[in-house]
Amino acid sequence: MWLEECDSFAELCRGYLPYYLLIVLPIFIIISPVNPVTASHEFPVYRMHQHDLHGIPHGCRSASISLEARSITGWSTSRHCVITKALDLTPSMFQSIKIKAGALVIILPEKLNELTLDEKEHIMNLEKAMLSDTETPIAVYFATWHPDLQTILDDITDGSMTDEKSHSAAEAIFNSISASGYQVVVASGQPMVRNDAKIAILHGKLTGTGAEEKLPTIAIVTHYDSASVAPELSFGADSNASGVAMLLELARLFSALYSTGRSRPHYNLVFIATGAGKLNYQGSKKWLEDQLDGLEGSVIQDAAYVICLDTVSATNNLYVHVSKPPKENSSGGMFYKELKSVADSLNTVHVEGVHKKINLAEETLAWEHERFSIRRLPAATLSTLKSHEDPARNTILDIMKEGQTDRLYKHTQVIAEALARHIYNLSSNHIFAESLEVSKESLSLWFTYLASQPRAAPLLVDKNNILIATLKESMSRYLGDVKITLHGPDKQDPEFIFYDVTKAVLNVYSVKPAVFDLFLTVAIVINHFCYPHMSTKSDNLAQIPLNADPNPIICDLGDFHEPYEMRRPLY
């Protein structure tokens, strides 16, 4: 009977086993324990910033990914894409990953508005370290929190922990074979230079009573762009949606005063919204070169004072940053005096002066007023931050928060009243009161509109950008002679270069690890080499009749020269 079993098994191996393998193996692979998450997922991701400033590259240089996903503790080579939470990543870890790993995906906290102070500080310090690096060779993406992405992160984290807890090499190999892995793919081309990049600067004016060219001019300046480690996540509520909202409200208030001859003062007011403020104030630089070095007349040639607005809703303090302390009887000195007087009378804001010399050795200037001070125009920056190095100026955490509109309203009241007292030479009257007062609703609407969209400089370089068109329309409602000037980088020695690919789609596939493929290949090779050997044996056995006698009788048949085997039947 054992011969019959062997023969049947041989026939199975020779004729049907390969076909069974084609059916059975995929079934085993499909029903093997896998992640409850479906085999494929898509997530929107946002690439780390990339630009060149003064010939120095900044940010990540790559965009495409096709690597195996690993946790922050489980990665080891450049064949791995590290997926981690922002709160688990430190600056030192980032330095190691950007040198040795293949790519990095950072998952942001689920609720950015509910972070503790320590968590906010951790993320801002991480951003500061990433922004200070000149170049990152690998692709780095940020992803907003998603439950499926959290499950994937938990799986790869648990997988690395299982490997660490293995008590033997055999157990580690078994865990590696049975585990399910993930393949991370971002199908994006190499980032290309934006050759059409143009920075838009808007300016309009209110002309005072008298000969326009002989009247003193005060300029109010703010930059409309924002910045963080990821351009698509740069909403910049404090820095600098608050500055733009205040500039538009000041334009509305003073346009009412300038609308009639009786209340029009002997001052010209110029309102300027600049671009690329986060890139060493390139917009202000280009605009000043055009105004002061060009052949046409300038609206700011002999400005009495320049007031820059930057991050004016973060705290209840208002700091006046200057490169050189103004003289007491100058426009700057008198405005500062009125600013403190109004703040004291309202008892809502603390005003303090901060003096810092311009450091031309630094790659970037500290505040926007320094661009004007370099051109010998008296200027100051009003901000609720005491230091230009505060990480709150360049962070993805700069989003709308409770209480911002209230602080913005208070600061607008103080600045508007102080400026009005200065240009009208009044000391105690409340000019903006009753029917003509600061509109909290208007501030809130503009602040919400601006802070609800990313405004990083590379996203606003299109000629027909909707935000720029909206700002022009609003400024034209209150100001005269509103113009937009577009400025590109120098062709021979570009001051700045922007790149595309600011966002992409992250595809995550549930796959078996490479060791599983190796194991399956070995199994197929063994089957291939064993199959011919088994076939040969079965063929030899098949040549013997199943009812033959194992002990044959040999007879001599005379004329036949060869013996003839006679086998007795077994029945």
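1. The residue that follows helix 10 is Asn425, and its phi is positive, near 60°. This comes from a predicted model, and the points below should be read with that in mind.

2. Helix 10 itself covers residues 404–424, which makes 21 residues. From first C-alpha to last, helix 10 reaches 30 Å, close to the 30 Å expected at 1.5 Å a residue. Helix 10 is mostly covered, with 16 of its 21 residues buried.

3. Asn280 is not a glycine, yet its phi is positive, about 60°. Asn280 sits in the loop between strand 11 (268–274) and helix 7 (282–293). Its relative accessible area is 6%, under the 20% limit, so Asn280 is buried.

4. Asn347 is also not a glycine and has a positive phi, of about 55°. The loop that holds Asn347 runs between helix 8 and strand 14 (350–355). Is Asn347 buried or exposed? Asn347 is exposed, because its relative accessible area of 68% is over the 50% cut-off.

5. The bond from Ser239 to Asn240 is cis, with omega near 15°. Asn240 has its place in helix 6.

6. A search of the whole structure gives four aromatic pairs. In one of them, the ring centres of Phe254 and Phe432 are 5.3 Å apart and the planes stand at 75°. That angle is over 60 degrees, so the pair counts as edge-to-face. The two residues come from distant parts of the chain, 178 residues apart: Phe254 is in helix 6 (residues 237–258), and Phe432 is in the loop between helix 10 and helix 11 (440–451). Phe254 counts as buried, at 0% relative accessibility. Phe432 is buried as well, with a relative accessible area of 10%.

7. Tyr305 and Phe335 make another aromatic pair, with 6.2 Å from centre to centre and 55° between the planes, and this pair is tilted. The pair again links distant parts of the chain, 30 residues apart, with Tyr305 in strand 12 (residues 303–309) and Phe335 in helix 8 (residues 331–346). Tyr305 is buried at a relative accessible area of 5%, and Phe335 is buried at 3%.

8. The largest pocket holds about 1,100 Å³ of space. Which residues lie nearest its centre? They are Leu131, Ser132, Lys278, Thr364 and Asn394, out of 39 residues that line the largest pocket. The elements giving two or more residues to this lining are strand 2 (50–53) and helix 3 (117–132). Helix 3 gives the most, with five residues.

9. By residue class, the lining of the largest pocket has 13 nonpolar, 15 polar and eleven charged residues. Domain 1 (40–165 + 178–193 + 504–516) and domain 2 (198–488) each supply at least three residues to the lining.

10. A last point concerns Met93, which lies in helix 2 (residues 91–100). Met93 counts as partly exposed, because its relative accessibility of 35% falls between the 20% and 50% limits. The C-alpha atoms of Met93 and Ile72 are separated by 8.6 Å, while the two residues are 21 residues apart along the chain.

Definitions and conventions:
Residues numbered from 1 in each chain as written. Predicted model: local features only at pLDDT ≥ 70, side-chain atom pairs only at ≥ 80, totals over all residues. Heavy atoms only, no water. Helix = DSSP H or I, 4+ residues; strand = E, 2+ residues; numbered from the N terminus. Expected span 1.5 Å × (residues − 1). Buried < 20%, exposed > 50% of the residue type's maximum accessible area, 1.4 Å probe, protein only. 1 Å grid on protein atoms, 1.4 Å probe; cavity = no way out; pocket = protein on both sides within 12 Å on 5 of 7 lines; lining within 4 Å. Points joined across faces, edges and corners; volume = space filled by probe spheres on them. Nonpolar A, V, L, I, M, F, W, Y, C, P; charged D, E, K, R; others polar. Domains from an automatic or database assignment. Phe/Tyr/Trp six-rings, centres within 6.5 Å; stacked < 30°, edge-to-face > 60°.
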